[in-house]
Amino acid sequence: MLGPNLRSIRSRHSGTAIFKWRCSLFPTSGGFVPPGTTAVEKRAIAATVPVWKSENCTQCNICSFVCPHAAIRPFLAEASELQGGPGGYTTLQAKGAGLEGFKYRMQVSPYDCTGCQLCVVACPDDALQAKPIEQVLTIEDTHW
Ligand code: SF4
Ligand code: SF4
């Protein structure tokens, strides 16, 4: 997993920590960085991130289709899987044949979103609202 240097690099919230990298903290010599670190890179670079307005959503999934970073995704869950979940985790009854036993939610990953707002513009039903990341980062990350 990431060492302290890479954890500082990946977060814009690291503040002055970015100036505190120490070569001695890198685990190997020779300038080697492990491959595949983008899979765990979470930067929260967006100024605003979309928040789902469930009351308007028709479950068309267009928002997820247009996102270049797969940062907003539809989720299906059985009611039993939602027990004990975080507060405010709103769901809808899922639409579609064979989905009678499932709840539906559209959820953004605030750490992966770039704030491009493609999904907000593409949504045909005004079901996504861009909000300042400072207001929603913690709760939306919990929901993700
Ligand atoms: S594009 Fe809008 S209406 Fe369609 S699933 Fe996404 S949020 Fe819901
Ligand atoms: S704002 Fe852009 S990056 Fe973020 S979820 Fe929407 S389409 Fe994806």
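Q: Where does P68 lie in this model?
A: P68 sits in the loop that runs between helix 2 (62–66) and strand 2. Keep in mind that the model is predicted.

Q: Why does P68 count as exposed?
A: Count its C-beta neighbours. P68 has 9 of them inside 10 Å. Exposed means 12 or fewer. P68 therefore counts as exposed.

Q: How far apart are P68 and C116, in sequence and in space?
A: In sequence, 48 residues separate P68 and C116. In space, their C-alpha atoms are 9.2 Å apart.

Q: Why is T48 called partly exposed?
A: T48 belongs to strand 1. It has 19 C-beta neighbours inside 10 Å. Buried needs 20 or more, and exposed needs 12 or fewer. The count for T48 falls in between, so T48 is partly exposed.

Q: Which residues does T48 touch, leaving out those up to four places away in sequence?
A: T48 touches G115, A130, K131, P132 and I133. A contact needs C-beta atoms within 7 Å.

Q: What makes strand 1 and strand 5 a pair?
A: Look at the bridges. At least two are needed for a pair. Strand 1 and strand 5 (residues 128–132) have 5, in the antiparallel sense. In this pairing, W52 stands opposite L128 in strand 5.

Q: Which residues is L128 in contact with, beyond its neighbours within four places in sequence?
A: L128 is in contact with P50, V51, W52, K53, C63, C119, V120 and C123.

Q: Which members of the largest nonpolar core touch the most other members?
A: They are V49, W52, C63, I72, C119 and L128, out of 19 residues in this core. Strand 1 and strand 4 are the elements that give two or more residues to this core. The largest share is 3 residues, from strand 1.

Q: Why do the buried residues of helix 5 line one face?
A: Helix 5 covers residues 133–143, and its buried residues are I133, E140 and H143. Seen down the helix axis, these fall within an arc of 95 degrees, so they line one face. On the other side of helix 5, E134 and T138 are exposed. The buried residues pack against strand 1, strand 4 and strand 5.

Q: Which residues come nearest to ligand 1, and which are closest to ligand 2?
A: For ligand 1, the nearest are C57, C60, C63, C123 and A127, out of 13 residues around it. For ligand 2, also surrounded by 13 residues, the closest are C67, I72, C113, C116 and C119.

Terms used. Residues are numbered from 1 along each chain as its sequence is written. Chains are lettered from A and ligands numbered from 1 in the order in which they are written. This is a predicted model: local features need pLDDT of at least 70, side-chain atom pairs count only at pLDDT 80 or more; totals for chains, interfaces and linings use all residues. A residue is near a molecule or strand if its C-beta atom, placed from the backbone, lies within 6 Å of it. Helices (H or I, at least four residues) and strands (E, at least two) are DSSP runs, numbered from the N terminus. The arc is that of the directions from the helix axis to the C-beta atoms. Two residues are in contact if their C-beta atoms, placed from the backbone, lie within 7 Å. A nonpolar core is a set of buried Ala, Val, Leu, Ile, Met, Phe, Trp, Tyr and Cys residues joined through C-beta atoms within 7 Å.
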